[in-house]
Amino acid sequence: MSDTEMPPPSVRKSNSLFGDIFGCTDAATAKLSCIGAGYYYDPYLHQFTTLTQSRSRLINRGYFARIYSILRCVSSFCKGIPGNKQVVFLGAGFDSYLFTMKEDDHPGLTLWMEVDLPEVVMKKNEIYSQHAKRENFSRYKLISGDLLDGPGLIQSMKDGGLDPSIPTIYLLECVTAYLPPEANRSILNNISQLHRTAASPAMVVGYDPMSQQTDNFGKVMVANLMKRGIEMPSLMAFPTTQSREDILRETGFDSVQAINMKNAYMNIPPPEKARIDSIEPLDEFEEFFLLLSHYCVWIGRIFVPDTIGAGDETLSSLIPPEHFRKLLKAQKQYSPLSMAMHQFDRMGSSF
Ligand SMILES: C[S@@+](CC[C@H](N)C(=O)[O-])C[C@H]1O[C@@H](n2cnc3c(N)ncnc32)[C@H](O)[C@@H]1O
């Protein structure tokens, strides 16, 4: 095993539900492909995984739509709610969105907390400790926590510095489908109770696959997961946008919305779509939309206006910095992948 790889969460047999899945490494590698192609920029992700083969443009674009939809909610929440705000990213994996987002896109942010299993946190700490003097780390907090631990999870977050009286957005990107339906319910219940008691605004934003197995794509999706030994108990429990909205309502969120990713993609502002078209033009839109229609982004709000997270406002954070774009452009004359990775390392060492 190279030093950029980590044991999968599965080594923790007790209460990790990941079986033998490299959940976060898989996601990080796909995101690295996106970064290497120039869709967005993350200064740290390349330190956690190695990209041996770029993903297809269809997959890159799908990941971009996912990241855009989630971070746009963060930005909309921070801009739309006055005063201080907190972000809690549950099951964050190796993502470093705080360091991707531009300051203008999260006004008033006082805390960015990430929660994951100890193995992931340990690996992340190892890398981040080398950069801990950088500006954004003052409001960054990484803690170990178990999403199956109900009230214990809330206590760990409070111990880590979460203040429930401050408006907070909770992110659950590609996590809850892996958990049993009752864990979904308990996480959402605990968050809603916490903020109802504190009478403070809260928003949860999730991203998940969904399948009714009523079409070929859905059937193949489930068959492939089973072949790889991946269990997603909530894929079937919440197979539609309607079912995601129902559980949010049942757990105390008063404004709810689940959007299939095809519609979320359509809602990306045209200049952003034009930008990614110029990176990797796509011909297979039918296939792309079929893929997207099996994923959704869902939003629950408490004391938060319906308009927050629902608009089509632009998110400038995902446009990579100028110097990075120039480097990628220059490198594409050679070998996009190897040169980009080489450059990442040089940039990493200059921090
Ligand atoms: C598929 S990965 C997604 C990572 C990241 N959110 C993304 O979308 O790229 C699922 C993440 O959930 C974490 N996870 C799984 N079970 C968990 C649990 N019981 N408690 C906390 N985190 C968990 C895994 O360690 C992993 O980082």
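The axis of a helix is a line fitted to its C-alpha atoms over the stretch in contact, and angles run from 0 to 180 degrees between N-to-C directions. In this predicted model, helix H2 (residues 57-80) and helix H12 (residues 285-292) pack at an angle of about 45°, while their axes lie 10 Å apart. The crossing in which H2 passes H12 is right-handed. On the side of H2 the contact is made by Leu-58, Arg-61, Gly-62 and Ala-65, and on the side of H12 by Glu-287, Phe-288, Leu-291 and Leu-292. Of the residues in this contact of H2 with H12, five are nonpolar, one is polar and two are charged.

Seven of them form an open sheet with mixed pairing, and their order is E3-E2-E1-E4-E5-E7-E6. At the edges are strand E3 (140-144) and strand E6 (255-260), each of which pairs on one side only. Neighbouring strands of the sheet are turned against each other by 15° on average, direction ignored. Within the sheet, strand E1 (residues 85-90) and strand E4 (residues 168-173) run parallel and are joined by four bridges; Gln-86, for example, has Thr-168 in E4 as its bridge partner. Helix H9 (residues 241-250) lies across E6 and strand E7 (295-302), and runs at about 160° to E6.

How far can the model be trusted? The protein averages a pLDDT of 86, and 87% of the residues score at least 70. Over residues 1-22, however, pLDDT stays under 50. Where pLDDT is low, the predicted coordinates should not be read in detail.

Notes. Residues numbered from 1 in each chain as written. Predicted model: local features only at pLDDT ≥ 70, side-chain atom pairs only at ≥ 80, totals over all residues. pLDDT = per-residue confidence, 0-100. Contact = placed C-beta atoms within 7 Å. Helix = DSSP H or I, 4+ residues; strand = E, 2+ residues; numbered from the N terminus. Left-handed = near helix turned anticlockwise from the far one by under 90°. Nonpolar A, V, L, I, M, F, W, Y, C, P; charged D, E, K, R; others polar. Pairing = 2+ DSSP bridges.
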